[in-house]
Amino acid sequence: FKQKDFVAEMDALAKVSGYEFGKIFFLNWLYEFSTIKACSAILVRNKEGKVMHGRNLDFEMWGLLSRLLVTIDYYQGKKLVYSVDTVLGSVFALTGIRYGAFAVNVDTRYGGKPLDMLARVILSDAVPDCWLVRKVLEEEVTYEGALQRLQTEKISSPIYFILSGIKPNEGAVIERNPTGVNALYTLNETTWFLVQTNYDRDEKD
């Protein structure tokens, strides 16, 4: 199990909050094990070439979840490096922005089985999807680096990564399987917007 830095953070959260480590640890698998999640995202390039990036969290338990959502700012020294929107007590990121470089969010892609996801993490050193988002925000400094990392790193379950940058046409929807890319869609001169819900584009409505 490679994600020892995240486990150390969870242990610190448990000690500070007074909650049992097991409860904090389970919370951090919320996205992988939940069956009631859903999200949507949109990328739009305006006439000035600026890419706007929006998303929602249309979970069925929104009334409860909305009271637990927080924005956390991460600093290196006195410099604000990135911010994430996440669930209180978690170490993962559902949405985040690396200032001056890129923004990213996850959308649910159905099809994974919880036990298969757990096995990939324990036996194959895969990264839980939302943990990878946090690592990318922390470790990648460019849109290109984030795009490459989100396409290639082994992850626990199927998911959509939605990524935007600071230059015209820096926008992508990455349709991921655990071991590779199922499809990639990007902004270009003729495609000025992308919308992603929770279904592959080649599926019939």
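Author: Axes here are lines fitted to C-alpha atoms, for helices over the stretch in contact, and angles run from 0 to 180 degrees between N-to-C directions. This is a predicted model, where local features need pLDDT of at least 70 and side-chain atom pairs count only at pLDDT 80 or more, while totals for chains, interfaces and linings use all residues. Residues are numbered from 1 along each chain as its sequence is written, and side-chain values use heavy atoms, with hydrogens and water left out.

Reader: What makes helix 6 and helix 7 roughly antiparallel?

Author: Their axes come within 10 Å and cross at roughly 155°. Angles under 35 degrees count as roughly parallel, over 145 as roughly antiparallel, 65 to 115 as roughly perpendicular and the rest as oblique. The pair is therefore roughly antiparallel. The crossing of helix 6 past helix 7 is right-handed, the label used if the near helix is turned clockwise from the far one by less than a right angle, with anticlockwise being left-handed.

Reader: Which residues make that contact?

Author: L132, K135, V136 and E139 from helix 6 meet A146, R149 and L150 from helix 7; contact means heavy atoms within 4.5 Å. By class that gives 4 nonpolar, no polar and 3 charged residues. Ala, Val and Leu are among those counted as nonpolar, and Glu, Lys and Arg among the charged ones.

Reader: How do you know that helix 7 is mostly covered?

Author: Buried means under 20% relative accessible area, exposed over 50%, and partly exposed in between (1.4 Å probe, protein chains only). In helix 7 (residues 143–152), 7 of the 10 residues are buried: Y143, G145, A146, L147, R149, L150 and Q151. They pack against helix 6 (129–139) and several strands, including strand 6 (102–108) and strand 7 (159–165).

Reader: What makes strand 1 and strand 2 a pair?

Author: Two strands pair if DSSP finds at least two bridges between them, and strands are DSSP runs of E, at least two residues long, with helices being H or I runs of at least four, both numbered from the N terminus. Strand 1 (residues 39–45) and strand 2 share 7 antiparallel bridges, so they pass that cut-off. For instance, L43 stands opposite H53, and S40 has N56 as its bridge partner.

Reader: Why are strand 2 and strand 10 at the edges?

Author: The open sheet of 3 strands runs in the order 2-1-10. Strand 2 (51–57) and strand 10 (193–196) each have a single partner strand, so one side of each lacks a neighbour in the sheet.
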